[in-house]
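Please read it with the structure open.

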Amino acid sequence: MRILIVEDELDLAQALARGLRRKGFAVDIAADGEEGWELGEIHEYDLAILDLNLPKLDGLQVCQRLRASKPALLILMLTARSRLEDKVTGLDLGADDYLVKPFHFEELEARIRALLRRDLKAREPILSAGDLRLDTVSRIVWQGKRRLDLTVKEFAILEYLMRHRGEVVSQETLIEHVWDEEVNFFSGSIRVHIHSLRRKLGDSADHPRYIETMTGLGYRLIGAEEH
Ligand code: CA
């Protein structure tokens, strides 16, 4: 899951980014409305955290523009104002939820998880493929009765492949959703993560039961029926 934080209070933005990265999200930060709008246009974010009071372009305008061009993007507004009309305007303009500052990180994380859960159709909380089960809320993966110990990146890659089970997912798409700007240029490392994911699954590139390599195209998750 890749998250965009649009917030001009840089200390806050960086603290949130650190916390969210520790929880396994890829996170980018934009320091003003214009940059937020631009990043939102360029990358495929799953969720945007949007401050209401921003320089250059205010949060409501960014919200309106992002909503128009990215209908599936989840938008969580942050506001220091607790006035009802701001919340209502934000929700009218397409925000999915809002949070009043100041808030605890745990509160933000709970709202994000709730939004991702609410988006049930595309984002079932429990994903399964063959004998694999991945719980996106507790972040646990089971292979049959065995619990897998995955790194944050391996989990993110597997989650994305499971959400798009049967589809060919290119390396570029994986980079878009699983990496953030800071590490994008290490794209070669996707192969390394896939390799180690396969090892933990007991899978092999030559005779794949889970992750198939489509040469020149990307990867495809196939559901192995038994282990
Ligand atoms: Ca602000």
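Predicted model: local features only at pLDDT ≥ 70, side-chain atom pairs only at ≥ 80, totals over all residues.

The points below cover the metal site, the cores, the backbone and the cavities.

1. Please read every value below as computed from it.

2. The calcium site. Three residues coordinate the calcium ion: Asp8 (OD), Asp51 (OD) and Asn53 (O). The distances run from 2.1 to 2.4 Å. Along the chain, the donors follow the spacing D-x42-D-x1-N. Water is not among the atoms, so the site may look incomplete.

3. Aspartate 51 has 3%, so it counts as buried. The cut-off for buried is under 20%.

4. The largest nonpolar core. This core has 27 residues. Those with the most contacts inside it are Ile157, Leu158, Leu161, Met162, Leu174, Ile211 and Leu221. Two or more residues come from each of β6 (126–129), β7 (132–135), α6 (152–163), α7 (171–178), α8 (189–201) and β12. Helix α6 gives the most, with seven residues.

5. Leucine 158 in detail. Which residues does leucine 158 touch, not counting those up to four places away in sequence? They are Leu132, Leu134, Val141, Leu150, Leu197 and Leu221.

6. A second core. There is also a separate core of 20 residues. Leu16, Leu74, Leu78 and Leu108 are among them.

7. Strand β11 (residues 211–214) and strand β12 (residues 218–221) pair in the antiparallel sense. The pairing runs over four bridges.

8. Two backbone points to check by eye. The peptide bond from lysine 101 to proline 102 is cis, with omega near -5°. Proline 102 is in the loop between β5 (97–100) and α5 (105–118). Lysine 56 has a positive phi of about 75°, although it is not a glycine. Lysine 56 lies in the loop between β3 and α3 (59–69). At 61% relative accessibility, lysine 56 counts as exposed.

9. Glutamate 38. This residue is in helix α2 (residues 33–42). Its relative accessibility is 45%, so glutamate 38 counts as partly exposed. Glutamate 38 and valine 62 are 24 residues apart in sequence. In space they are 9.6 Å apart, C-alpha to C-alpha.

10. Cavities. How many cavities of 30 Å³ or more are there? The count comes to two. The largest cavity holds about 100 Å³ of space. Ten residues line the largest cavity. Arg113, Leu116, Thr136, Val137 and Arg163 are the closest to its centre. Helices α5 and α6 each supply at least two residues of the lining. The largest share comes from α5, with three residues.

Definitions and conventions: Residues numbered from 1 in each chain as written. Heavy atoms only, no water. Donors = N, O, S within 2.8 Å, 3.2 Å for Na, K, Ca; no water. Buried < 20%, exposed > 50% of the residue type's maximum accessible area, 1.4 Å probe, protein only. Pairing = 2+ DSSP bridges. Core = buried A, V, L, I, M, F, W, Y, C linked by side-chain atoms within 4.5 Å. Contact = heavy atoms within 4.5 Å. 1 Å grid on protein atoms, 1.4 Å probe; cavity = no way out; pocket = protein on both sides within 12 Å on 5 of 7 lines; lining within 4 Å. Points joined across faces, edges and corners; volume = space filled by probe spheres on them.
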